[in-house]
Amino acid sequence: MAEVSEEKEQSLFQAPPIGEQERMIEAMLFASAEPLTTRDMAERMPHGSDPAEALVHLRKRYEGRGVRVVKVGDAWAIRTAPDLGYLMSRETVETRKLSRAAIETLAIIAYHQPVTRAEIEEIRGVAVSRGTVDQLLEMEWIRFGRRKMTPGRPVTFVVTQEFLDHFGLESARDLPGLKELRAAGLLDNRPPPGTMPTMGSEDADEDEGAPGQNELFED
């Protein structure tokens with residue numbers, strides 16, 4: 001009897017066809033101002049829907065088009081194709097420029113996260129002003145991470161999903177390497193050579209917690 005009841009309940013909440021689920025995902029991504037996780041989508045879709053599978057179909061449908069479905073951290077969004085970004089240059093001009101100190105601080109956090117203020121200052125060789133950190137926090141490009149389990153339990157900083165979204169990155173692993181940073185003028189005298197890792201180095205994976213280092217941080 002229990003099996004019959006379960007089958008009856010499932011039939012009452014039959015999921016829409018995958019094509020219809022794909023349309024639902026498309027509508028939500030177009031309408032949302034922020035990237036959406038599959039959990040966000042599932043909460044809005046009919047019972048039994050599979051947003052992950054619908055996303056696979058939707059991504060294929062947008063291949064080669066003017067916009068594409070991209071992963072931003074653990075969420076999804078519809079963004080302009082990279083090769084057409086120049087068409088949006090007038091709409092995406094950044095009116096608030098970052099100072100040299102802010103750029104260096106942001107780069108150190110991105111490559112060494114989670115990182116404390118003291119560690120940032122050690123890498124830069126100069127003190128980090130409160131205004132610099134406040135500016136990055138206000139822009140929502142960095143946020144507070146876990147406290148480090150060392151004397152004083154200093155707070156750490158990590159980059160945010162907004163940072164990844166702004167620069168078109170899926171994760172911190174997609175950050176440019178040392179050569180690209182120098183070409184962009186982000187590395188001159190500070191930070192010194194060797195402090196910025198190249199792609200694939202252990203520091204680039206700090207955001208996921210390197211093995212054996214989790215005990216250094218407070219959950």
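Mentor: Of the 219 residues in the protein, 35% are buried, meaning under 20% relative accessible area, with exposed over 50% and partly exposed in between (1.4 Å probe, protein chains only). The model is predicted, so local features need pLDDT of at least 70 and side-chain atom pairs pLDDT 80 or more, while totals for chains, interfaces and linings use all residues. Numbering starts from 1 along each chain as its sequence is written, and side-chain values use heavy atoms, without hydrogens or water.

The protein has nine helices and five strands, taken as DSSP runs (helices H or I, at least four residues; strands E, at least two) and numbered from the N terminus.

The part to look at is α5 (100-112). Its 13 residues reach 18 Å from first C-alpha to last, close to the 18 Å expected at 1.5 Å a residue, where the expected span is 1.5 Å times one less than the number of residues. Ten of the 13 residues of α5 are buried, so the helix is largely enclosed by the rest of the structure. Among them are Glu104, Thr105, Tyr111 and His112, along with Leu106, Ile108 and Ile109.

The loop between β2 (75-80) and α5 holds Met88, which is partly exposed at a relative accessible area of 35%. In terms of area (Shrake-Rupley, 1.4 Å probe, only the protein chains shown as cover), Tyr86, Leu87 and Met88 together give about 320 Å² as a nonpolar surface patch. Patch residues have over 30% relative accessible area and no salt bridge; nonpolar side chains are joined within 5 Å, like charges within 9 Å. A salt bridge puts a Lys or Arg side-chain nitrogen within 4 Å of an Asp or Glu carboxyl oxygen.
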